[in-house]
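I opened these notes to record what I looked up in the structure. The entries follow the order in which I consulted it.

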Amino acid sequence: MTANRPLPLLSDVNRFFWTSGSDGRLRFLRCRECRAWAHPPQPACRSCGATDLAPETVSGRAKVLGWTINHQPWHPAFPPPYVIAVVAMAEDEGVRLTTNIVDVDHEQLFVGMEVDVVFHQDDDVWIPLFRPAEDSQ
Amino acid sequence: MSDRFEHDVVLSGIGKSAVGRRVDRDPLALVRDAVDAALADAGLALADIDGLSTAPGPLAGPPMGYSVGGIETLTELLGLQPTWFTASPETMGHAGPIIDAALAVSGGLCRHVLSIRAQWEGSHRKLMAEGAVPPPGGGGRQTGRSQWHSPFGAMSPANWIAMQATNHMETFGTTREQLGAIALNARANAARNPDAIYRDPLTMDDYLSARLVSTPFGLYDCDVPCDGVVAVIVSHVDTVPDLRQPPVRLEAVGTAMSERFSWDQGTMIHEPMVAGPAAHVWTRTDLKPADVDVAQLYDGFTFNCLSWLEALGFCEIGEGGPFVEGGHRISLDGELPLNTSGGQLSEGRLNGFGLIHEAIVQLRDAGGDHQVPGHPEVSLVSTGGGHPGGVLLLTRWR
């Protein structure tokens with residue numbers, strides 16, 4: 001599934017996110033003024049308007065808010081079936097990623113499932129995927 | 001004088017081209033057919049048209065069959081030099097070009113706006129299957145919103161909205177059979193509409209056993225990509241004596257945004273971007289949800305329709321499943337007849353303009369075999385969601 005997976009174009013704003021997994025840790029942009037998270041990353045805080053934001057490491061623990069098993073062949077890099085999910089980060093339920101849940105029995109998926117980040121490196125990008133948290137089954 | 005811009009305008013004409021999975025004609029020829037039909041319907045000539053609106057207009061990147069072009073293409077095709085025009089990919093649902101037109105007419109910039117929605121998604125998909133145009137996510141590194149979806153194979157609204165549907169099902173106990181009631185209702189209405197694409201009877205067994213697209217969505221939860229064009233004319237109310245037939249009134253619009261413009265960073269219990277316009281429309285009218293005689297609610301997927309039913313207040317949040325269950329309440333002779341021409345699920349994905357067309361047809365008692373009985377007075381259309389939504393509340397001419 002790695003053949004020609006679409007990858008993000010890295011920029012000064014998003015590079016920290018897409019390369020964060022190089023040390024196995026997940027980071028999101030956070031406002032130094034009001035402490036709100038800023039995802040997707042952008043140069044100003046959505047909550048207070050401040051422009052002083054910096055990447056901050058999170059635990060990598062998240063909760064599944066929605067999931068789907070995709071059966072439709074949309075792209076040659078993604079042979080179905082595969083699991084797509086929206087997960088909310090443990091630090092703030094408002095910070096979400098659309099991602100894939102890997103190493104999971106499809107019958108075990110549910111809204112509220114705890115998952116942990118695992119990175120898949122492709123070229124210069126570390127893609128954050130998630131798998132069931134071992135300590136919450 | 002009303003203080004609502006909506007009351008300065010009427011919807012004076014509608015026209016539709018041939019519609020099909022693939023219509024073997026140039027999409028601009030279909031535009032011309034729809035425009036001619038709308039002008040004839042209104043009793044107007046092309047020379048009367050002094051405004052032009054469309055969506056999404058010209059798109060960067062692969063066109064996806066979602067647009068045949070914008071103002072450049074349409075003014076050249078029709079030989080028009082309008083006083084006012086707009087084409088926007090980011091507007092108030094698929095109803096945006098109508099709402100923009102109403103504002104321009106009310107503001108005095110023009111008197112008759114031709115509003116056009118044209119798509120050739122059916123033909124485009126065939127080209128994609130043949131490898132003649134690239135698939136979504138193709139064509140190099142991803143920027144903007146696509147970078148947050150494409151690296152995970154989350155290529156389609158079918159994937160994004162399926163995740164809200166899953167949340168709704170697990171939070172409120174909504175079932176596939178309840179979603180199926182929306183698909184079966186659409187098909188039953190389409191069977192009574194000779195212009196609909198899919199008219200063969202659809203049973204719950206057919207629905208449940210169809211191939212899966214993105215769970216919980218199967219084939220019949222998804223609308224039908226097609227080729228086809230709809231044109232609507234928005235005119236100043238002072239021109240009504242010039243028209244061939246009584247027009248339809250625009251009672252109110254819903255345009256507000258009340259949540260983040262995102263498929264995944266906001267609500268998970270409904271399709272994003274429906275709550276704002278749904279709440280807004282009721283602040284601009286004395287009418288209430290109970291006054292609506294017939295509803296055309298955007299049904300790109302069955303679940304979108306459920307989201308709109310809840311957001312618009314036809315039932316409580318989370319109660320959409322029981323509301324549609326069995327389909328009686330939403331049938332042609334039910335308390336809220338829904339998507340009476342077959343909706344996008346069976347009539348074809350005319351990107352909101354098919355629903356607007358049908359709302360007007362119903363208020364003229366012109367629906368033939370799919371006409372709601374009892375001379376409906378109030379017709380509601382919701383369009384979009386996911387990307388911003390927009391609502392039109394229409395009433396019979398009085």
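Which residue of strand 3 of chain A stands opposite Arg30(A)? I found Ala54(A) in that place.

**Conventions.** I worked with a predicted model, in which local features need pLDDT of at least 70 and side-chain atom pairs count only at pLDDT 80 or more, while totals for chains, interfaces and linings use all residues. Residues are numbered from 1 along each chain as its sequence is written, and chains are lettered from A and ligands numbered from 1 in the order in which they are written.

**Entry 1: the sheet of chain A.** Helices (H or I, at least four residues) and strands (E, at least two) are DSSP runs numbered from the N terminus, and two strands pair if DSSP finds at least two bridges between them. Strand 1 (residues 26-31) of chain A is joined to strand 3 of chain A by six bridges, and the two run antiparallel. I noted an open sheet of three strands in the order 2-1-3, with antiparallel pairing. Strand 2 (37-38) and strand 3 (53-58) of chain A each have a single partner strand and stand at the edges, so one side of each is left without a neighbour in the sheet.

**Entry 2: chain A as a whole.** Of the 137 residues, 39% count as buried, that is, 20 or more other C-beta atoms, placed from the backbone, lie within 10 Å of the residue's own.

**Entry 3: strand 8 of chain B.** I found seven of the seven residues of strand 8 (residues 248-254) of chain B buried. Two bridges join this strand to strand 1 (residues 9-16) of chain B, antiparallel, with Arg249(B) as the bridge partner of Val10(B). Six bridges join strand 8 to strand 11 (residues 387-396) of chain B, also antiparallel, and Val253(B) has Leu392(B) as its partner there.

**Entry 4: where the chains meet.** I recorded 32 residues of chain B in contact with 28 residues of chain A, contact meaning C-beta atoms, placed from the backbone, within 7 Å. Helix 5 of chain B gives the largest share of its side, nine residues.

Conventions: Two residues are in contact if their C-beta atoms, placed from the backbone, lie within 7 Å. A residue is buried if 20 or more other C-beta atoms lie within 10 Å of its own, exposed if 12 or fewer, and partly exposed in between; C-beta atoms are placed from the backbone.
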